[in-house]
Amino acid sequence: MKDGMITNGDWNVFITLKDEKLLLVKRRHPFVMLMPILITSMLGLFFISSAFILFQQFLVSSSLFFTTMLLLISISVSVITKIVIDWYFHIYILTNRKILELRYTPLTSYLVNDVMLDRVNCTEIDLRTHGFLNELIDMGDILITFDRPTSREEFILKDVQGSHALATYLTQQLLDVKQPETLYQPIWFKERRTKVA
């Protein structure tokens, strides 16, 4: 996979419909893991330093401090590993027949959200970036709104890398997906910028 575009058949397991082709596989930006990992690390250091003060000043037991420190490090590493695994198994997939969000957390949850593209009437694609930092690292949300015969549905690709280019790519791909008899229905693309005070 190169920049979210498919170059090999690794993801073909998600193709289940007749004449379906895989167009795009995308994960959230790796930057979204930074803050939870930093908070977990800082909490781990805080509890280790608290244990040091407790076991050196009040209870005076080096072996108990060492055991507590290993336990706290083990918990911190486990939480950081879970954060990375949750990021890795949260995938957005676009085919010529559907858009699919797959979120899998081993041993706890499995979520699949999909929209069949041949069952929608109108598509609107909005790009939303939050602040200057997200603009610098090219991270944003892409909101895809579908009008279906029964209800209006919004599909969000949250915190994806290369959001500007991806929004343009999605607009072109969704235009290509439309059948000739429904080609007159518009696909709108609008960029939203959210200012952070």
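**Surface, helix and salt bridges**

Tutor: The accessible surface of the protein chain comes to about 12,000 Å², and carbon and sulfur atoms own 64% of that area; such areas come from the Shrake-Rupley method with a 1.4 Å probe, and for residues only the protein chains shown count as cover. This is a predicted model, in which local features need pLDDT of at least 70 and side-chain atom pairs count only at pLDDT 80 or more, while totals for chains, interfaces and linings use all residues. Residues are numbered from 1 along each chain as its sequence is written, and side-chain values use heavy atoms, with hydrogens and water left out.

Student: How many helices and strands does the secondary structure of the protein chain have?

Tutor: Helices (H or I, at least four residues) and strands (E, at least two) are DSSP runs, numbered from the N terminus. Read along the sequence, they follow the pattern β-α-α-β-β-β-β-α-β-β-α-β. The totals for the protein chain are four helices and eight strands.

Student: How far apart are the end C-alpha atoms of helix α2?

Tutor: The expected span of a helix is 1.5 Å times one less than its number of residues. Helix α2 covers residues 62-88, so its 27 residues should span 39 Å. The model agrees with this expectation, since the end C-alpha atoms are apart by 39 Å.

Student: Is Asp159 buried or exposed?

Tutor: Buried means under 20% relative accessible area, exposed means over 50%, and partly exposed lies in between (1.4 Å probe, protein chains only). Asp159 is found in strand β7, residues 152-161, and has a positive phi near 55 degrees although it is not glycine. Because its relative accessible area is 11%, Asp159 counts as buried.

Student: Which side chain meets that of Asp159 in a salt bridge?

Tutor: A salt bridge is a side-chain nitrogen of Lys or Arg within 4 Å of a carboxyl oxygen of Asp or Glu. For Asp159 the N to O distance is 2.7 Å, and the partner is Arg28. The pair links distant parts of the chain, 131 residues apart, with Asp159 in strand β7 and Arg28 in the loop between β1 and α1.

Student: Which residue forms a salt bridge with Arg128?

Tutor: In this salt bridge the closest N and O atoms are 3.4 Å apart, and the partner of Arg128 is Asp141. Arg128 lies in strand β5 (residues 122-130) and Asp141 in strand β6 (residues 139-147), so the pair ties together parts that are 13 residues apart in sequence.
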